[in-house]
Amino acid sequence: MPVQDWMTTDVISVGPETSLLKVSKLMKDHHIRRVPVIDEQRQVVGIISDRDVRDASPSKATTLDMYEMHYLLAELKAKSIMTPKPITVKPSEPIENVALIMQEKAIGGLPVVDDNGKLVGIISDHDVFAALVDITGVRLGGILFAVELPDQPGTARPVFDALRANGGRILSILTVAKPNDMRNLHIRIRSLENTQTEEGLRQALNGICRVLYWQH
C-alpha cells in the first residue's frame with residue numbers, strides 16, 4: 001500500500017523566516033503536531049514538531065512580562081528551532097517502510113516529496129494506524145484465526161483448500177515469520193452460516209496444522 005493512498009495532501013507548511021508565534025498558532029488552529037519548513041521552491045528544508053515549539057517557548061516560570069514574551073516569540077524564527085534536512089519519503093513508498101522508519105527513528109511524521117524534492121504531502125503515525133486497521137479488515141468483523149505452518153512453499157495450500165471446502169470467505173491475510181523456519185498465518189474470514197459449519201472448519205484445520213487462536 002503506497003504512501004500516496006494515506007498521506008495528507010493539504011499540508012500546513014511554513015517558511016524559514018516564519019515566527020515561532022505564527023508556527024505555534026498554526027499548530028493550535030489546525031490541531032497538528034508537526035509543520036514542514038519549505039523554501040520558495042517548496043523544497044523541504046526542515047520540520048518543526050510541537051515539542052520543538054514547547055522547548056523554544058519561554059517557561060511558565062519566566063520573569064518576562066507579556067510584551068517581552070510576545071516580542072521573543074515574534075522574533076524567533078522557524079529556521080532557528082526546526083530539525084534541518086528531515087527524513088522524507090516518496091508517494092510510492094510502501095507504508096510499511098514508513099512504519100519501520102518511524103519506529104526505528106522514534107518520529108511521528110514524515111514529509112512526502114516528489115522526485116524533485118518538492119513537498120506534496122505528509123504522513124503521520126495516525127495515518128499508519130489507519131492503514132493497519134484497513135489492512136487487517138477489523139472493521140468488517142467476522143472470524144479471526146491463526147495457524148502455524150512450516151516456512152516452505154505450498155504449506156498454506158491445504159489451509160485454503162479447507163476454507164474453500166467449508167465456505168470460508170477471506171477478508172484479510174497476514175503472515176509473520178517465526179523462529180525455527182516456521183510462520184504464523186493470520187486469516188480473517190466472514191462469519192460462517194452456522195456453528196456446525198464453523199466447527200467443521202476448525203476440525204479440518206486442526207487436522208492440517210496447529211491452530212493458535214480462534215476469535216469472533
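User: Does Met82 count as buried or exposed, and why?

Analyst: This is a predicted model, and the accessibility is computed from it. Buried means under 20% relative accessible area. Met82 has 17% relative accessibility, so it counts as buried.

User: Where is Met82, and which residues does it touch?

Analyst: Met82 sits in the loop between α4 (78–81) and β3. Leaving aside residues up to four places away in sequence, Met82 touches Val37, Val45, Gly46, Ile47 and Ile48. As for distance, Met82 and Ile135 are 53 residues apart in sequence and 34 Å apart in space, C-alpha to C-alpha.

User: What is the strand order in the sheet that includes β3?

Analyst: The order is β1-β2-β3, in an open sheet of three strands with antiparallel pairing. β1 (34–38) and β3 (83–84) are the edge strands; each has a single partner strand, so one side of each has no neighbour in the sheet. Strand β2 (residues 44–49) pairs with β3 over two bridges, in the antiparallel sense. Gly46 stands opposite Pro84 in β3.

User: How should I read the burial pattern of a helix, and which residues of α1 are buried?

Analyst: The general idea is that an α-helix has 3.6 residues a turn, so residues three or four places apart point the same way. In helix α1 (residues 20–30), the buried residues are Leu20, Val23, Ser24, Leu26 and Met27. They cover an arc of only 160° around the axis, which puts them on the same side of α1. The face turned away from that buried side carries the exposed residues Lys25 and Lys28. After α1 comes His31, whose phi is positive, near 55°.

User: What should I look for in a nonpolar core, and how many residues has the largest one here?

Analyst: In soluble globular proteins, nonpolar side chains tend to be buried together. Here the largest nonpolar core has 16 residues, and Phe145, Ile189 and Leu201 have the most contacts inside it. Two or more residues each come from β6 (143–150), α7 (157–165), β8 (182–189) and α8 (195–206). β6 gives the largest share, four residues. Another core lies apart from it, with twelve residues, including Val14, Val37, Val53 and Ala78.

User: What does Phe145 touch?

Analyst: Beyond residues up to four places away in sequence, Phe145 touches Leu163, Leu185, His186, Ile187, Ile189, Leu205, Tyr213 and Trp214.

User: How does the radius of gyration of the chain stand against the globule rule?

Analyst: The secondary structure comes to eight helices and nine strands. The radius of gyration is 25 Å, well over the 17 Å that the globule rule gives for 216 residues, so the chain is more spread out than a compact globule. The C-alpha trace spans about 75 × 40 × 30 Å along its principal axes. Buried residues make up 34% of the 216 residues.

User: What share of contacts joins residues 24 or more positions apart?

Analyst: Such pairs account for 63% of the contacts in the chain with a separation of 6 or more.

Conventions:
Residues are numbered from 1 along each chain as its sequence is written. This is a predicted model: local features need pLDDT of at least 70, side-chain atom pairs count only at pLDDT 80 or more; totals for chains, interfaces and linings use all residues. Side-chain values use heavy atoms; hydrogens and water are left out. A nonpolar core is a set of buried Ala, Val, Leu, Ile, Met, Phe, Trp, Tyr and Cys residues joined through side-chain atoms within 4.5 Å. Buried means under 20% relative accessible area, exposed over 50%, partly exposed in between (1.4 Å probe, protein chains only). Contact means heavy atoms within 4.5 Å. Two strands pair if DSSP finds at least two bridges between them. The arc is that of the directions from the helix axis to the C-beta atoms. The radius of gyration is taken over C-alpha atoms; the globule rule is 2.2 Å times the number of residues to the power 0.38.
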